[in-house]
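Subject: Structure for you to look at, with notes

Dear colleague,

Please find below the structure that I promised to hand over, together with its sequence.

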Amino acid sequence: MKTEGFRRTLQGVIDGRSFRVEITSQVEDEFEFTATVEGVAVAAPRAGVIRNKGDAMQLAMAAIEKHIADQAREA
């Protein structure tokens, strides 16, 4: 499957907070993601090239869940 130009967006709500994940591929078989919660960018650790869109989605969702949990602890 040709992945260059790939773009998918997922939006939802976790614990009353809206999130958005966007998975993109500008280069064949290399994926990137952006993740936001309530419109604020979520920091996510990166360890090399992401070669699978499912891995990109899992990394983004893990970062979002951690961000929301950290905010709940601070409140």
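Predicted model: local features only at pLDDT ≥ 70, side-chain atom pairs only at ≥ 80, totals over all residues.

Let me begin at one turn: strands β3 and β4 form a hairpin with 2 residues between them, and E38 in that turn has a positive phi of about 55 degrees.

Residues are numbered from 1 along each chain as its sequence is written, and side-chain values use heavy atoms, with hydrogens and water left out.

The chain as a whole

The protein chain holds 1 helix and 4 strands, and when read along the sequence these follow the pattern β-β-β-β-α. Its C-alpha atoms fill a box of roughly 45 × 25 × 15 Å along the principal axes. Of its 75 residues, 28% count as buried, where buried means under 20% relative accessible area, exposed means over 50%, and partly exposed lies in between (1.4 Å probe, protein chains only). If we take the contacts (heavy atoms within 4.5 Å) with a separation of 6 or more, residues 24 or more positions apart account for 37% of them.

The sheet

The 4 strands make an open sheet in the order β1-β2-β3-β4, with antiparallel pairing. The edge strands of this sheet are β1 and β4, each of which pairs on one side only.

Going through the sheet pair by pair, strand β1 (residues 6–14) is joined to strand β2 (residues 17–27) by 9 bridges, and the two run antiparallel. Within this pair Q11 stands opposite R20 of β2, and in the hairpin that β1 and β2 form, with 2 residues between the strands, D15 takes a positive phi near 50 degrees.

Strand β2 then pairs with strand β3 (residues 30–37) in the antiparallel sense, over 7 bridges. Here I23 stands opposite F33 in β3, and T34 in β3 is the bridge partner of E22. The hairpin of β2 and β3 again has 2 residues between its strands, and D29 in the turn has a positive phi of about 60 degrees.

The last pair is that of β3 and strand β4 (residues 40–41), which is antiparallel and has 2 bridges, with T36 standing opposite A41 in β4.

Which residues of β3 lie on its covered face, and which on its uncovered one? The covered face consists of F31, F33, A35 and V37, whereas E30, E32, T34 and T36 make up the uncovered face.

Salt bridges

The structure holds 5 salt bridges, each being a side-chain nitrogen of Lys or Arg within 4 Å of a carboxyl oxygen of Asp or Glu. One of them is formed by E22 and R7, whose closest N and O atoms are 2.2 Å apart. Because E22 lies in strand β2 and R7 in strand β1, this pair ties together parts that are 15 residues apart in sequence. As for cover, E22 counts as buried at 17% relative accessibility, while R7, at 46%, counts as partly exposed.

E22 also forms a salt bridge with R20, with the closest N and O atoms 3.4 Å apart, and R20 is partly exposed, with a relative accessible area of 35%.

Another salt bridge is found between the side chains of D70 and K66, at 2.9 Å from N to O. These two residues are separated by about one helical turn, because they are 4 residues apart in helix α1 (residues 53–74).

Conventions. Pairing = 2+ DSSP bridges.
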